[in-house]
Amino acid sequence: MCLKVVVFIVSAFWIVMPLWAQPLIVADPPEVRGPFTLVATYDSAAGHNAFAYNGNTVPPVIRVMPGGVIKLHYVNNLPI
Amino acid sequence: MTNLHFHGLHVSPRNPQDDVLTMMAMPGQALDYKVEVPSYAAPGLYWYHTHPHGESARQDLDGMSGAIIVEGIDEYYPQIRNMRERVLILRDQDVEDSEASLRERIFTLNGAIRPQIPIDSGERQFWRIVNASPDLYADLQLSGGQFEIVALDGMPLSYHDPQRSTRKGDHILLPPAGRVEVIVIGPPSGAAATLSTRCVDTGPDGDANPAMVIADVGAPGDHSPIRTVVDSSGPLAHDKVGKTLVRELEASKPDFTVTFTEDKNGFYINGKKFSTQDEPLVHVRVGGLQHWRIVNSTREVHPYPSGSFLGLRRKRNRFGLPGMAGHRECSLRRHSGSHYGLYRSSDQRHVALPLSSAES
């Protein structure tokens, strides 16, 4: 009897839980409008290579005016 | 090793700009780029990604890419100034289907699997979408809605035709490296909508490219800021080509014919195996117009980025694909099909088209 109650509660929670879950909102990438540093690195948490910018592994959107200059210091920190 | 390519920008291929051949950083090394964007650059969406030959596909698949925006598109289409702007980057990711014991590649959007794109009912938003996947095609559609296309591959539609600012489409084919800038309208209140890709038939030898949902659309809430109007980028540039000249060129014998084939050993151009060390096949004059014939004799679709060239007009043959009309930097050649194009070189000096330009 007790087991049935537990199963019922767990099942009900499993069905209703998605209704409470917050949707994953699409993230706006960071932006750069001047000189910046981009790092090629290995993201051990994700298990693959990545671009790192400003402490995060989210590559920035480069915004530039016509006639402007993109100045970028690119560092290769990939493993050998 | 790694380096960077500034895809679609009409900039110098020499160090310290868009040089993917001699600029190379080994682990522990660094590169300094100083990329001079021309004053005549079409305002729109471009992108950057790694480009070391032999490793770029893996690094691109890892997500080593990002968007570039050349400002000023709102001068071509001022209606976007009061809209929310979203930069949406399609990448792909390997996922494991444990039940079927299969590994599949799916699209992610800004690094997330099937996120929600907030938009109010009836709200018009300006979406700037780049397909940064190394080889997945996206045939984008919005359930219950249309795209109002403002620009393709960084080129506002009105750049070549001031009378034509936008056009509408139910779906848009976006090959690897393709970009599109569109206006979308939020679905009716309470309605569920999705941004998805249709199945793309890439030919008998092509990779699987199934339909999938990329994002849910419609949840209000966490909004991006309203697009900020940028400083004027100067007088509007238009590149109008006389219809008579275009007709004459189209009727002429092609200046350059290139035939692509492939087998298990690699890719061939005009019967010769592709090598990055080859001399240029063709030399062109800056600002000149040429009539090229591009033949795809393989059994799969190949995107063909034309680098520092602007595709001005194309004839579609019976293999023409939907959503490809217009001015695009990157054309698709259907398997066993051919394609005519008029191309204008736009670099700042005489340029030679190295075969490596055919790589994305």
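Val69(A) stands opposite Glu36(B), a residue in strand 2 of chain B. This is a predicted model.

- Four strands make up an open sheet, and their order is 3(A)-2(A)-5(A)-2(B).
- The pairing in this sheet is mixed.
- Strands of a sheet are held in pairs by backbone hydrogen bonds, in either a parallel or an antiparallel sense.
- Which strands are at the edges? They are strand 3 (48-52) of chain A and strand 2 of chain B, each of which pairs on one side only.
- On average, neighbouring strands of the sheet are turned by 20 degrees against each other, with direction ignored.

**The side of chain B that touches chain A**

- How many residues of each chain are in contact with the other chain? Chain B brings 50 residues, and chain A brings 34.
- Several elements of chain B give two or more residues to this side: strand 2 (30-36), strand 4 (65-70), strand 5 (84-97) and strand 7 (116-117).
- Strand 2 of chain B supplies the largest share, with seven residues.
- Sorted by class, this side of chain B has 28 nonpolar, 16 polar and six charged residues.
- For the complex, the predictor gives an ipTM of 0.84 and a pTM of 0.83.

**Gly68(A)**

- Gly68(A) sits in the loop between strand 4 (61-64) and strand 5 of chain A.
- Is Gly68(A) buried or exposed? Gly68(A) counts as buried because 20 other C-beta atoms lie within 10 Å, and the cut-off for buried is 20 or more.
- Gly34(A) is 34 residues from Gly68(A) in sequence, while their C-alpha atoms are 9.7 Å apart in space.

**The largest nonpolar core**

- This core has 73 residues.
- Ala67(B) and Ile68(B) have the most contacts inside the core.
- Strand 10 (residues 147-152) of chain B gives the most to the core, five residues.
- What does Ile68(B) contact beyond its neighbours within four places in sequence? In chain A, the partners are Ile62(A) and Val64(A). In chain B, they are Phe6(B), Leu9(B), Tyr46(B), Trp47(B) and Tyr48(B).
- In soluble globular proteins, nonpolar side chains tend to be buried together.

**Chain B as a whole**

- Chain B contains three helices and 26 strands.
- Chain B has 360 residues, of which 43% count as buried.
- Among contacts in chain B with a separation of 6 or more, 75% join residues 24 or more positions apart.

**Confidence in chain B**

- The mean pLDDT of chain B is 80, and 79% of its residues reach 70 or more.
- Where in chain B is confidence highest, and where is it lowest? Strand 2 of chain B is highest, at 98. Strand 26 (residues 351-353) of chain B is lowest, with a mean of 30.
- Over residues 310-340 of chain B, pLDDT stays under 50, and the model has 89 contacts beyond four places in sequence for them.
- Residues 344-360 of chain B also stay under 50, with 48 such contacts in the model.
- Where pLDDT is low, predicted coordinates should not be read in detail.

Note on methods: Residues numbered from 1 in each chain as written. Chains lettered and ligands numbered in written order. Core = buried A, V, L, I, M, F, W, Y, C linked by C-beta atoms within 7 Å. Buried ≥ 20, exposed ≤ 12 C-beta atoms within 10 Å, placed from the backbone. Contact = placed C-beta atoms within 7 Å. Nonpolar A, V, L, I, M, F, W, Y, C, P; charged D, E, K, R; others polar. Pairing = 2+ DSSP bridges. Axes fitted to C-alpha atoms, helices over the stretch in contact; angles between N-to-C directions. pLDDT = per-residue confidence, 0-100.
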